[in-house]
Amino acid sequence: MIILKTHAEVELMRQSALLVSNTLSVVAGVLKPGITTLALDKLIGEYIHDHHAVPSFLNYNGYPFNSCISVNDVVVHGFPNKKELREGDIVSVDIGVILHGWHGDHAYTFAIGDPGKDVMQLIRVTKESLYKGIEKTIAGNRIGDISFAIQQHTEKKHEYGVVRELVGHGLGKNMHEDPQVPNYGKRGSGAKLKEGMVLAIEPMINLGKKEVYTESDGWTVRTKDGKPSVHFEHDVCVRKIEADILSDYAPIEAAEKSNVNLFSEYEIVA
Ligand code: MF3
Ligand code: CO
């Protein structure tokens with residue numbers, strides 16, 4: 001069952017989404033070689049609590065951390081740990097909060113130093129594909145239109161691997177609501193988009209092949225071929241003319257650009 005949100009509810013969800021954006025911008029400000037993902041996770045938990053919210057991932061189906069931090073070949077659901085980040089690593093940071101009963105859930109992939117041209121292109125194209133999906137997130141279209149747009153840009157145009165096992169989702173009073181939002185699919189298929197639907201759209205795109213596996217910890221998802229993977233996620237509300245993007249990359253990108261330890265020399269060509 002797809003739950004439509006009222007305008008007032010969407011404004012509350014915007015606050016939740018923006019709290020995640022601001023948390024991600026704090027992360028963007030402190031990322032550097034030598035920092036551990038566990039230190040980042042601690043900072044994330046503190047920032048969320050300081051802003052009168054709770055980290056929604058913690059204890060979700062037994063998940064044991066505030067955030068998911070996925071480095072290099074880890075696709076998603078990486079456990080924060082004591083390993084130091086190094087120059088050339090790419091780091092996907094996925095954060096969820098509950099504020100006033102409403103969920104925010106979004107993600108951004110950072111490059112610590114220069115991971116090389118191919119990986120920088122993967123980051124750029126994955127982010128572009130998210131916006132290509134969002135362009136299709138308008139009332140009257142179908143879920144498959146979003147899926148198709150993401151798959152076209154990443155798999156057809158660039159021959160990257162589109163992860164099949166994990167998908168985007170509806171978002172609201174629960175983190176995972178209907179409908180599912182795959183990053184692959186047929187135009188014109190799936191549920192019809194209606195004003196007031198809120199979706200977490202989250203392409204997970206591999207430099208190499210699409211196949212992934214889950215580690216014995218039950219969470220960490222890695223690429224089978226060991227090549228890097230990138231993850232971007234926005235929370236968006238379906239509207240008639242264009243989607244309302246509730247989360248905001250502007251503060252994150254500003255912090256990323258002013259952090260000399262992060263490589264961000266690329267432009268969005270949406
Ligand atoms: N953004 C992820 C998702 O949409 C995060 C959930 S992971 C968990 O599923 F830790 F919360 F389980
Ligand atoms: Co999500």
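Leu199 pairs up with Val236 of strand 14 as its bridge partner. That contact is part of how strand 9 (residues 198–201) and strand 14 (residues 234–237) line up: they run antiparallel, with four bridges between them. Keep in mind that this is a predicted model.

**Strand 14 and its partners**

- Strand 14 also runs antiparallel to strand 15 (residues 244–245), this time with two bridges.
- Cys237 has Asp244 as its bridge partner in strand 15.
- To get from strand 14 to strand 15, the chain goes through a hairpin of six residues.

- Ligand 1 has 13 residues around it, and the ones that come nearest are Asp94, Asp105, His169, His176 and Glu202.
- Sorted by type, the shell has six nonpolar residues, three polar ones and four charged ones.

**Polar contacts to ligand 1**

- Asp105 puts a polar side-chain atom 2.9 Å from a nitrogen atom of ligand 1.
- His169 goes for an oxygen atom of ligand 1 instead, with a polar side-chain atom 2.7 Å away.
- Glu202 also has a polar side-chain atom by an oxygen atom of ligand 1, at 2.9 Å.
- As for cover, ligand 1 taken alone exposes 330 Å², and the protein buries 94% of that.

Key. Residues are numbered from 1 along each chain as its sequence is written. Chains are lettered from A and ligands numbered from 1 in the order in which they are written. This is a predicted model: local features need pLDDT of at least 70, side-chain atom pairs count only at pLDDT 80 or more; totals for chains, interfaces and linings use all residues. Side-chain values use heavy atoms; hydrogens and water are left out. A residue is near a molecule or strand if one of its heavy atoms lies within 4 Å of it. A polar contact is a pair of N or O atoms within 3.5 Å; within protein, one must be able to donate a hydrogen and the other to accept it, and residues adjacent in sequence count only if both atoms are side-chain atoms. Accessible areas come from the Shrake-Rupley method with a 1.4 Å probe; for residues, only the protein chains shown count as cover. Ala, Val, Leu, Ile, Met, Phe, Trp, Tyr, Cys and Pro count as nonpolar, Asp, Glu, Lys and Arg as charged, and the others, Gly among them, as polar. Two strands pair if DSSP finds at least two bridges between them.
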